[in-house]
Amino acid sequence: MFGNVMAIERALGTGIIISSSKPIPQSVQQRIRAFVDEYERTFSRFRADSLVSRMASAEHGGAFEFPTWAQPLFAIYDEFYDATHGAFDACVGEDLLALGYSNSVQFLPELASSVSEDSASWRKYHRSLPVKWGDISRADGSTTLHTSQPVHLDFGAAGKGYFVDLVTNILKDELGDNSPANSDSLSDCDFLVNAGGDMRACFSEENSQIKVALENPFDTTQAVGVASIASGALCASSAARRRWKVKDANCLADNAFESNCHKSNGCKSDAFESNLIATHLINALDGVPSQKLSASWTYIPAKTCAFPTAYADALATALFISQESDLQKIVQTTGAEFAVMLPNCAACQVRKTSAFPAHFFAE
């Protein structure tokens, strides 16, 4: 089905693979590579020259103008921020930085064991997010963000999926012929855009599908099931891969953003326990990595919304940090199907919607 491959190593921190039934011309590949750099210069908090890094270092804030193509992503964050009552928030970049998720973070090896920490070990960790997504001023439809202090944004919850959608649009624009403007496929070309497991499939035939293994969060060398997806987006979230030990945990006291650790007199006695294992799945309401699930998978058909991978990516994260009932409107609007695995390695219990297109081996 896919005889041609284009790969961009380390792009967006994970690498990008585009598989297609026809060769992708060099001019199209160059356009995609240029857009990777533009996207990272806009959203990467690991690049000192990015727009979000400038926001983080602006002592008194300012007006930061993002590209016009960022507007739908901001709208998605608005939607999920409201639906989850603030648990889904791009401002968790502050939490991730405080917990040690920076350029120098060293992820722990994937172990065949429970990937979540005992919730009791986080009980002394309390903080108040200094700036929330809802506090950032932005005119309707505008991509200019107004701040009054440094703000650490992290768009990892939906940004990679959104990037996949934009690359898909580039491919359709460059390779399209006489396909209808609202079509998700090209008349004679099939392709798959995969950015670290967030993927968008586009098929010329309505009944075409691709099979995708669903990774076991307790043992990443194994699969727990197989999904069969047609034109649309499949995304996953898991606490298995991006896990790291919190350094200097004893110095993170009741408010993680007010320094209570001084070399001269040591740390406060009420600092919380050390040796904590953090993940990127942060609930913005308390700053604590979610332990609600072990994994989530979401599938959204391409025909139901303009940015199915962005929504699938966001929903996979939101399932970790919010109640499913809060997400029902988004699920219904996008036609999303999903499955979640509960944090019990022994049982590997899976719960899924009726039309989620996958078979789990434990069923």
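These legends walk through a few close-up views of the predicted model shown above.

A quick note before the views: this is a predicted model, in which local features need pLDDT of at least 70, side-chain atom pairs count only at pLDDT 80 or more, and totals for chains, interfaces and linings use all residues. Residues are numbered from 1 along each chain as its sequence is written, and side-chain values use heavy atoms, with hydrogens and water left out.

**View 1. S19 sits in strand β2.** Strand β2 covers residues 16–20. S19 counts as buried because its relative accessibility is 13%. The labels work like this: buried means under 20% relative accessible area, exposed means over 50%, and partly exposed is in between, using a 1.4 Å probe and protein chains only. Leaving aside residues up to four places away in sequence, S19 touches F2, N4, V5, D190, F191 and L192. Touching, or contact, means heavy atoms within 4.5 Å.

**View 2. D37 and R41 form a salt bridge.** Side chains of opposite charge can pair when their charged atoms come close. For D37 and R41, the closest N and O atoms are 2.8 Å apart. Both belong to helix α1 (residues 26–43), and because they are four residues apart, about one helical turn separates them. D37 is partly exposed, with a relative accessible area of 31%, and R41 is also partly exposed, at 37%. How many salt bridges does a search of the whole structure find? The count is 12.

**View 3. R47 pairs with E40, and R351 with E324.** Between R47 and E40, the closest N and O atoms are 3.8 Å apart. Is E40 buried or exposed? E40 counts as buried, at 19% relative accessibility. In the other pair, the side chains of R351 and E324 meet at 2.5 Å, N to O. That pair links distant parts of the chain: R351 is in strand β18 (residues 350–352), while E324 is in the loop between α6 (308–321) and α7 (328–334), 27 residues apart. R351 is partly exposed at 39%, and E324 is partly exposed at 24%. Salt bridges that share partners also join D37, E40, R41, R47 and D49 into one network.

**View 4. Helices α3 and α6 pack against each other.** Helix α3 spans residues 71–83, and its axis is 11 Å from that of α6, at an angle of about 30 degrees. Axes are lines fitted to C-alpha atoms, for helices over the stretch in contact, and the angles run from 0 to 180 degrees between N-to-C directions. So α3 and α6 are roughly parallel to each other. As for the wording, angles under 35 degrees count as roughly parallel, over 145 as roughly antiparallel, 65 to 115 as roughly perpendicular and the rest as oblique. From α3, the contact uses I76, E79 and F80, and from α6 it uses A310, Y311, A314, L315 and A318. By class, the contact has seven nonpolar, no polar and one charged residues. Ala, Val, Leu, Ile, Met, Phe, Trp, Tyr, Cys and Pro count as nonpolar, Asp, Glu, Lys and Arg as charged, and the others, Gly among them, as polar.

**View 5. Helix α5 also meets α6.** The axes of α5 and α6 come within 7 Å and cross at roughly 165 degrees. That makes α5 roughly antiparallel to α6, and the crossing is right-handed. In α5, the residues G159, K160, G161, Y162, V164 and D165 meet P308, T309, A310 and D313 in α6. This contact divides into four nonpolar, three polar and three charged residues.

**View 6. L166 lies in helix α5 (residues 159–175).** L166 is buried, with a relative accessible area of 11%. Which residues does L166 touch, not counting those up to four places away in sequence? They are F35, Y39, W69 and F307. L166 and A310 are 144 residues apart in sequence and 9.6 Å apart in space, C-alpha to C-alpha.

How values were computed: Helix = DSSP H or I, 4+ residues; strand = E, 2+ residues; numbered from the N terminus. Salt bridge = Lys/Arg side-chain N within 4 Å of Asp/Glu carboxyl O. Left-handed = near helix turned anticlockwise from the far one by under 90°.
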